[in-house]
Amino acid sequence: MSTELSGVDLARQALVAAREAARSPRWIRRMVRAALPALRTWAERGKDSLRSITRDNVLDVLPDSGTPRANMLQGLRHVFRPLKRRWIIFTDPTTRIFCGMPTATIPLPVEVTDLRQVLQDQAAPKAALSALVIFHALTSKELRTVLTTYLRDGRLCLPNRTVLLAEAVRVRLTAYLDYLNSRWPRTADSHLFLSQTTACGVEPVSNVWINDVLGMPARRLREDRLLHKAEATGGDPRRICDLFGLTVGAALRFTSTVNQTGLVEYNLRNAGPRPRTRADDS
């Protein structure tokens, strides 16, 4: 009888494991960092097993609201749920606890001098990366996973949208492809952007490499482009969704900044001198 039960348990665990998607080490580290303050607090209070954690214990350590509460509860849920699925703990104390909404952040533009410095850099990888982010607001994930075969007739054919490349971007990409063919002519990696490490294999570059080459987080350049487009379209979220592949909720985060006093003053301060017109001469 015990042999039959153990066989059933093994089959159940195999089915549960097969349904779970593989998680990246970066995601795992983020979840563990979010849950660590609660785990340390319980350890200091004498809790020696997660089986003894109750709903009240979870509510005691959770922050009141905002992003800290949402992050900690998300981390704890990804600690308790796998244990519950494998019958290591009896109940999941994080179930039916409202986490609230993360604190909304306001996207900020990049200094004009910083943008000019990034665009004027003649290094081929940096010029190509910065052009794709500044002109077309590609995400760091899209930059990492884009393949050379996606470039067709002046267009970048991404899986979810097709981008008509600006002339300045085409010039920089052409120079970068020449650099790529001269430096790694026999690489088996089909990704557009290669590093000294990835050129010897088939893996994409990392987010850290992209940010190091750009000299700043790619997210900042992308947000600056989206802010500029939101202002140019008068806060039309549909235009931003169609151009950059954003969801409506993500687009509203940028269109809500249109005509805000702080951003208007910032744009006027960084616009530079106004060109003279005939009206000024007369």
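Contact here means heavy atoms within 4.5 Å, and on that basis residues 24 or more positions apart account for 58% of the contacts in the protein with a separation of 6 or more. The structure is a predicted model, in which local features need pLDDT of at least 70 and side-chain atom pairs count only at pLDDT 80 or more, while totals for chains, interfaces and linings use all residues. Residues are numbered from 1 along each chain as its sequence is written, and side-chain values use heavy atoms, with hydrogens and water left out.

## Overall composition

The protein has 14 helices and three strands; helices (H or I, at least four residues) and strands (E, at least two) are DSSP runs, numbered from the N terminus. Of the 282 residues in the protein, 35% are buried, where buried means under 20% relative accessible area, exposed means over 50%, and partly exposed lies in between (1.4 Å probe, protein chains only). The protein exposes about 17,800 Å², and carbon and sulfur atoms supply 54% of that area; accessible areas come from the Shrake-Rupley method with a 1.4 Å probe, and for residues only the protein chains shown count as cover.

## Helix H6 and its partners

Helix H6 (residues 124-136) packs against H5, H9 and H10, as set out in the table. Axes are lines fitted to C-alpha atoms, for helices over the stretch in contact, and angles run from 0 to 180 degrees between N-to-C directions.

| Helix pair | Axes come within | Crossing angle |
|---|---|---|
| H5 (residues 112-120) and H6 | 8 Å | roughly 135 degrees |
| H6 and H9 (residues 207-214) | 9 Å | roughly 100 degrees |
| H6 and H10 (residues 218-232) | 7 Å | roughly 35 degrees |

Angles under 35 degrees count as roughly parallel, over 145 as roughly antiparallel, 65 to 115 as roughly perpendicular and the rest as oblique. H5 and H6 are therefore oblique to each other, whereas H6 and H9 are roughly perpendicular.

The residues behind each contact can be taken in turn. In the pairing of H5 with H6, Leu115, Val118 and Leu119 of H5 meet Lys126, Ser130, Ile134 and Phe135 of H6, and by class this contact has five nonpolar, one polar and one charged residues. For these classes, Ala, Val, Leu, Ile, Met, Phe, Trp, Tyr, Cys and Pro count as nonpolar, Asp, Glu, Lys and Arg as charged, and the others, Gly among them, as polar.

Where H6 crosses H9 at roughly 100 degrees, the contact is made by Pro125, Lys126, Leu129 and Ser130 of H6 and by Trp209, Ile210, Val213 and Leu214 of H9; its residues divide into six nonpolar, one polar and one charged. Where H6 crosses H10 at roughly 35 degrees, Val133, Ile134, Phe135 and His136 of H6 make the contact with Ala218, Leu221, Arg222 and Arg225 of H10, a set with five nonpolar, one polar and two charged residues.

Phe135 belongs to helix H6 and is partly exposed, with a relative accessible area of 28%. Not counting residues up to four places away in sequence, Phe135 touches Leu119, Ser130, Ala166, Ala168, Val169 and Arg225. Of these, Ala166 is 31 residues from Phe135 in sequence, yet the two are 7.4 Å apart in space, C-alpha to C-alpha.

## The sheet

The three strands form an open sheet with the order S1-S2-S3 and antiparallel pairing, two strands being taken to pair if DSSP finds at least two bridges between them. Strand S1 (151-152) and strand S3 (162-164) stand at the edges, each with a single partner strand, so one side of each is left without a neighbour in the sheet. Two bridges join S1 to strand S2 (residues 155-157), and the bridge partner of Arg152 in S2 is Arg155.

## Loop residues

Most residues other than glycine have a negative phi. Trp87, in the loop between helix H4 (66-85) and H5, has a positive phi of about 60 degrees although it is not a glycine, and is partly exposed with a relative accessible area of 47%. Ala137, in the loop between H6 and helix H7 (140-145), also has a positive phi, near 55 degrees, but counts as buried at 0% relative accessibility.

Leu246 is placed in the loop between helix H11 (237-244) and helix H12 (248-255) and, at 12% relative accessibility, counts as buried. Not counting residues up to four places away in sequence, Leu246 touches Arg222, Leu226, Ile240, Cys241, Ala251 and Phe254.
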